[in-house]
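User: I am new to this structure. Please walk me through some of its helices and strands.

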Amino acid sequence: MTITAAMVKELRDKTGAGFMDSKKALEQCEGDIEKAMEFLRQKGIASADKKQNRIAAEGLVATYIENGVGAIVEVNCETDFVAKNEDFKTFVNGLAKHIVTNKPADLDALNASVCSCCNMKIEDAVKEKTATIGEKISIRRFEILEGDLATYVHNGKIGVLISATAQDEVLLKDVALHIASSAPEFVSRAQIPASVIEEETRIEMGKEDLANKPENIRAKIVEGRVNKLMAQKCLLEQPFVKNPDQTVEALLAGKLEVKSFVRWTLGEGLEKRQDNFAEEVMSQMAK
């Protein structure tokens with residue numbers, strides 16, 4: 001039978017598949033839209049499996065808070081173009097809400113849980129997104145906090161989730177913004193492991209500019225340097241980003257305490273794609 005442009009458009013709208021894939025599926029299934037959808041899904045999921053060895057270091061960091069439970073999640077894709085896709089954004093934001101609702105213990109539990117919106121396991125929903133969007137999609141990590149919470153996400157690239165001892169929406173929003181901007185690693189000195197201080201001390205003691213200093217002088221200089229480094233790592237000791245004359249500790253004094261926070265930068269620690277875009281386009285045209 002004749003495959004019309006309207007038929008191809010209908011199949012594309014229902015599946016998100018490309019023009020040629022849709023046309024071939026309809027030809028294979030003699031114009032039957034339902035069979036063509038099944039054919040593309042089977043073909044798409046198979047293609048999704050083949051995409052799993054690609055590098056996915058772009059994507060989004062998203063957060064969601066409801067009834068004293070908050071989640072932060074990072075979902076990766078291969079290109080920034082897909083990260084800006086509304087379908088991808090909806091999926092990631094929905095996943096953050098799903099995590100808050102279901103409180104999975106780890107990634108395995110998350111992948112095995114069933115999405116209430118699509119009635120699919122999350123791992124299958126990820127495969128379907130990989131197939132329809134055309135890039136490797138992977139859930140990298142998530143974390144859950146409970147209590148009086150606040151969040152700040154900067155362009156989907158930096159995400160912050162805070163747990164505090166009291167709720168002050170404006171104040172906590174400012175602190176979340178500060179954490180995004182200044183990247184502290186700990187709330188206070190009490191949270192810094194001794195191993196971190198020992199490592200920094202060892203590094204400073206070995207620096208060339210101190211090699212000829214007397215031992216007692218060198219020890220004092222190193223102590224001062226390490227103390228300064230630790231202050232930079234602690235949220236409470238950092239100058240508040242909106243008012244550098246005031247520390248975060250002074251800002252919060254008598255109002256509330258920050259119990260814990262999570263700050264993630266999208267793709268940190270992941271290998272980035274080094275593809276040549278022109279070569280990629282040419283390779284696609286040659287298929």
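Predicted model: local features only at pLDDT ≥ 70, side-chain atom pairs only at ≥ 80, totals over all residues.

User: Are helices α5 and α7 roughly parallel or roughly antiparallel to each other?
Analyst: Helices are DSSP runs of H or I, at least four residues, and strands are runs of E, at least two, numbered from the N terminus. Axes are lines fitted to C-alpha atoms, for helices over the stretch in contact, with angles from 0 to 180 degrees between N-to-C directions. The axes of α5 (residues 86-102) and α7 (residues 122-133) come within 11 Å and cross at roughly 170°. Angles over 145 degrees count as roughly antiparallel, and α5 and α7 are therefore roughly antiparallel.

User: Which residues of α7 does α5 meet?
Analyst: Contact means heavy atoms within 4.5 Å. From α5, Asp-87, Phe-88, Phe-91, Leu-95 and His-98 take part. Their partners in α7 are Ile-122, Ala-125, Val-126, Lys-129 and Ile-133.

User: What is the order of the three strands in the open sheet?
Analyst: Two strands pair if DSSP finds at least two bridges between them. The edge strands, each pairing on one side only, are β4 (148-154) and β8 (258-265). The pairing is antiparallel, and the order is β4-β5-β8.

User: How many bridges join β4 to β5?
Analyst: Strand β5 covers residues 158-164 and runs antiparallel to β4. His-154 stands opposite Ile-158 in β5. The bridges joining β4 to β5 number seven.

Notes. Residues numbered from 1 in each chain as written. Heavy atoms only, no water. Parallel < 35°, antiparallel > 145°, perpendicular 65-115°, else oblique.
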